Amino acid sequence: MSSRTQQISAPIPSNLKIVELRETDETALRSFYTEILTPAFPPDELITWDELHEAAAADLGPGVLVLDGETPLGGMLGEIYPRSGVLLLSYIAVRPEARGQGIGQTLLTDVIPQWRAAIRPSLVIAEIEDPRFHQPNTYSDPEARLRLYQRTGSTLLPMPFFQPSLRPGVPRVFDMLLICPGETVPAVPAKVVGTFLDEYFELCEGGEVLTTDPEYQALQRFSEGDDDGLLPLWPLDRLPEIPRFIEVIQ
């Protein structure tokens, strides 16, 4: 991506601007973390401030903030997994009082295509809470988040998912989904998904988990494709067909 401010033609108000994470100062970045990300995600699903600060300083992945003057109203962060070529949409969040202005929609429909053009990932994946098992709470409304992704053309990988432990002492998060924002192809290579899972869990929990952990090995089996090595992508309204992970491995 270029190092200049992004000029996005989108439904957000004209007084707002979208800037790359590396273009923002520490004050705006800390405000985004403490005032937007922290209220939007439970601690088990959120990276630490130090991890965000380090990632922004080292330009480890794509990221943008939506600013009103110098005040962040929202933002989106991504991570690149080089072996699989997957771009993981790590976080997207909007300040509660700024919702309804088209910020989330703009990030998904305007910024992600720019990331695709610049990075050329094999696949863009996002992980979200399954609203059948995660109820609205002080952090978020999983059903509303699913509707946002549905409005912006996301598709569903036909498998249950759990988020790895993000750091020692933090539990895995079960009853999650993997979706593909803006993906229009009917199927994706299963090898890409399987390799991404290996990278993600190895990064978070260490390489031993790949060969010794029964839950992870069960998760990998869900990522196996058909005879042609493909995993279909489903519309989000087929969510009721996704089994619950903790039930199918018992």
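**A walk through the predicted fold**

Taken as a whole, the protein chain has eight helices and ten strands, and its C-alpha atoms fill a box of roughly 50 × 35 × 35 Å along the principal axes. How does the radius of gyration bear on the overall form, and which value does the protein chain have? A compact globule with 250 residues would have a radius of gyration near 18 Å, and because the protein chain has 18 Å, the value agrees with that form. Of the 250 residues, 51% count as buried. Among the contacts with a separation of 6 or more, 72% are accounted for by residues 24 or more positions apart.

The interior comes next. In soluble globular proteins, nonpolar side chains tend to be buried together. Here the largest nonpolar core has 48 residues, of which L37, L52, I125, L157, L197, F201 and L219 touch the most other members. Helix α5, residues 190-205, gives the most to this core, with seven residues. To see how one of these members is surrounded, the reader can look at L52, which touches L21, L29, F32, Y33, L37, I47 and L77 when residues up to four places away in sequence are not counted.

Charged side chains provide another set of links. Side chains of opposite charge can pair when their charged atoms come close. A search of the whole structure finds eleven salt bridges, and R172 takes part in one with D213, where the closest N and O atoms are 3.1 Å apart. This pair links distant parts of the chain, since D213 sits in the loop between α6 (209-212) and α7 (214-222) while R172 sits in the loop between β6 (155-163) and β7 (173-180), 41 residues apart. Are these two residues buried or exposed? D213 is buried, with a relative accessible area of 19%, and R172 is buried as well, with a relative accessible area of 17%.

R172 also forms a salt bridge with E215, and in this pair the closest N and O atoms are 2.6 Å apart. Because E215 lies in helix α7 and R172 in the loop between β6 and β7, the pair ties together parts that are 43 residues apart in sequence. E215 counts as partly exposed, at 27% relative accessibility.

A further salt bridge joins D175 to R244, with the closest N and O atoms 2.8 Å apart. D175 lies in strand β7 and R244 in the loop between β10 (234-235) and α8 (245-248), so this pair ties together parts that are 69 residues apart in sequence. D175 counts as buried at 12% relative accessibility, whereas R244, at 23%, counts as partly exposed. Salt bridges that share partners also join R172, E205, D213 and E215 into one network.

The backbone deserves a last look. Most residues other than glycine have a negative phi, and most peptide bonds are trans. R120 is found in the loop between α3 (103-119) and β5 (123-129), and at 69% relative accessibility R120 counts as exposed.

Conventions: Residues are numbered from 1 along each chain as its sequence is written. This is a predicted model: local features need pLDDT of at least 70, side-chain atom pairs count only at pLDDT 80 or more; totals for chains, interfaces and linings use all residues. Side-chain values use heavy atoms; hydrogens and water are left out. A salt bridge is a side-chain nitrogen of Lys or Arg within 4 Å of a carboxyl oxygen of Asp or Glu. Helices (H or I, at least four residues) and strands (E, at least two) are DSSP runs, numbered from the N terminus. Buried means under 20% relative accessible area, exposed over 50%, partly exposed in between (1.4 Å probe, protein chains only). A nonpolar core is a set of buried Ala, Val, Leu, Ile, Met, Phe, Trp, Tyr and Cys residues joined through side-chain atoms within 4.5 Å. Contact means heavy atoms within 4.5 Å. The radius of gyration is taken over C-alpha atoms; the globule rule is 2.2 Å times the number of residues to the power 0.38.
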